[in-house]
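Please keep the sequence and the structure in view while reading.

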Amino acid sequence: MDVKGAVSVQLMVRSDLASSGVAFTLDPDTGFRDVVVITGSYGLGESVVGGKVDPDEIQVFKPMIGKAEDPIIKRSIGRKQTQIVYTRDGSDKRTKTLLTPDADATKPCFTDEEAKTIASWCVTIEDHYSKHHGHKTPMDIEWAKDGISGELYIVQARPETVRSAQQANLLMQTQVTAHGETVIEGNAIGSDAACGVARVIRDVSEISSMKPGEILVADMTDPDWVPGLRIASGVVTNRGGRTCHAAIVSRELGVPCIVGTKDATEKLKTGERYTIDCSKGSTGLVYDGDSIIERTSVDIDSVPKTETEIKLILGDPSSALSLSGLPVAGKYIGATCFAQCWSRSPRNHIGIHPNAVLHPEKVSPEAREIINDRSKNDESPKAFFIRRLSEGIGSIAAAFYPRPVIVRLGDFKSNEYRRLVGGEQFEPEEENPMIGLRGASRYLSPEFRDAFELECEALAHVRNKMGLTNVQLMVPFCRTAEGGKKVIKILKEHGLEKGKDGLKIWVMCELPSNVFAIDEFAEVFDGFSLVLGVDRDSGILAKLFDEDNSAVKAAISLAIKGAHRNGKEVGLCGQAPSDKPEFAGFLVDLGIDSISLTPDSVLKALEIVSKAEMKRSIEKEINVAISAETQDEPKKINA
């Protein structure tokens, strides 16, 4: 019997009694394909899609779904200001909006296990549509949780049409320079920037007052606001997350947007000029006045290939996904990673001294209150510290997976540690902290060994539970080879065994002992990273440093030759090769294995190093030819 029609009976998911949200099978702002981004809030999904709330967000790394114990690389809890629920009072309105109780607003609205389940389903859906279309098809999916049964449901799925339509081999970069003071910050949508006059609009009825090129400032937006969005040079809202209406439409229109600023409509003034900057990762910034905006477009296929590996120096986890497309051989997470992870800023990762999370009873009441507030959704302050540090490192490692990511272990100086919450209770006041208790010596000291072990636990979580075995380690400021052995022993005790699952442990080559005893260090470590610089706190001394100094070059030469003599890799971490072609040529002639630079220098360095390698190759061919002719001369004479 042929069926000519059917009546579909579908369960109404009671997410008004639980939570709901949106999931993308790529990062909607950078186009990074290996992550599922899940957002959610309490009640019906209109709260998230309509930008009425700042939602919770979890990012799940696709390659490790079903393989690793913890494939989650980022968690953030939004304010979830309101929730939409069904009415039961017999009125004409089917739904109503309630304020979310503070106790609920500060808690996650879906668990890690639920996020992993949703992510797994999303990947299955993406695979289905990709097979159907014959090409990779990232998806925009809506999910809901039933408050009665506790079950999860997928309620809608459609192809994502903005980032997935962009050319994969085209790298767009925006850089904002010479800007004014930061007025406000929020969540960046996209990676562009714009300048313009602000237009604060408190009700959609005022949208007709918008002029082309103005910056639209509003509490939130919905479809009625589209006419204003179409002519705006930028958008700033008080509320909303990365999957809200303002974010979605701004991406489609290619307009930089910052959502979730809390009070943009109060701080930004109509008629004043501002700059919207979404080029610095997940945090969007609004500057006072106009700024210089530089844009570049690079065809990755046209970038020269080099024998010398070009690596990236990166310390901000929020910018990792946007930089993952750079044509680099790997990543080097310098000390700045820990500056970002341990910064005092609430928008950054931890901001708390490691000893303070281990001994909160020893810090001031004010510091203890901050510690308790930041760790309120974790089992303990210690668990908070380990989770946040592992997420920061894991986000960068996932962005470049499976390329190697070398993590420089914590290398703050004592005066920098003192600035963290609770730091004053634990840090000595050193006369010269630059050459004081830092690096390997600090890890081994009785006062700070426990703090280093926290770091070890976070790194072990990244490699062993998140599955990111592309993470390698680097020990900074290691004065003796014996000290290096002791550090490696501690790492092994915490699940970070040198050689196991491909784990390499490098050492910074930044001290005279590293150069002159390089054979001893080579017996302990897998590789070396040369660092050029002086006291980073001294603007006066920085002017005196010159990479072309004969003593500096002699030390570099000794280090590279010594590393290669022992069959070890050696790289250089610094900007000099991108600024000075002659210095790049010097390194290439010595056969250095890699050069690590900041993101804005990578493309320039590839050009310079490529030319240096070409010059070296031509000179080698000429020398071979001259040598051959010289060897033939006696034969001609004898003949």
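## Aromatic pairs and a helix contact

A search of the whole structure finds 5 aromatic pairs, where rings of Phe, Tyr and Trp (its six-membered ring) pair if their centres lie within 6.5 Å, and planes under 30 degrees apart count as stacked, over 60 as edge-to-face and the rest as tilted. The model is predicted, so local features need pLDDT of at least 70 and side-chain atom pairs count only at pLDDT 80 or more, while totals for chains, interfaces and linings use all residues. Residues are numbered from 1 along each chain as its sequence is written, and side-chain values use heavy atoms, with hydrogens and water left out.

Two of the pairs are set out here.

| Pair | Centres | Planes | Class |
|---|---|---|---|
| Phe110 and Trp143 | 5.3 Å apart | 65° | edge-to-face |
| Phe412 and Tyr417 | 5.3 Å apart | 65° | edge-to-face |

Phe110 counts as buried at 4% relative accessibility, as does Trp143 at 2%, buried meaning under 20% relative accessible area, exposed over 50% and partly exposed in between (1.4 Å probe, protein chains only). Both Phe412 and Tyr417 are buried.

Helix H14 (residues 449–465) packs against helix H15 (residues 481–493) at an angle of about 55°, with the axes 10 Å apart.

Technical notes:
Axes fitted to C-alpha atoms, helices over the stretch in contact; angles between N-to-C directions. Helix = DSSP H or I, 4+ residues; strand = E, 2+ residues; numbered from the N terminus.
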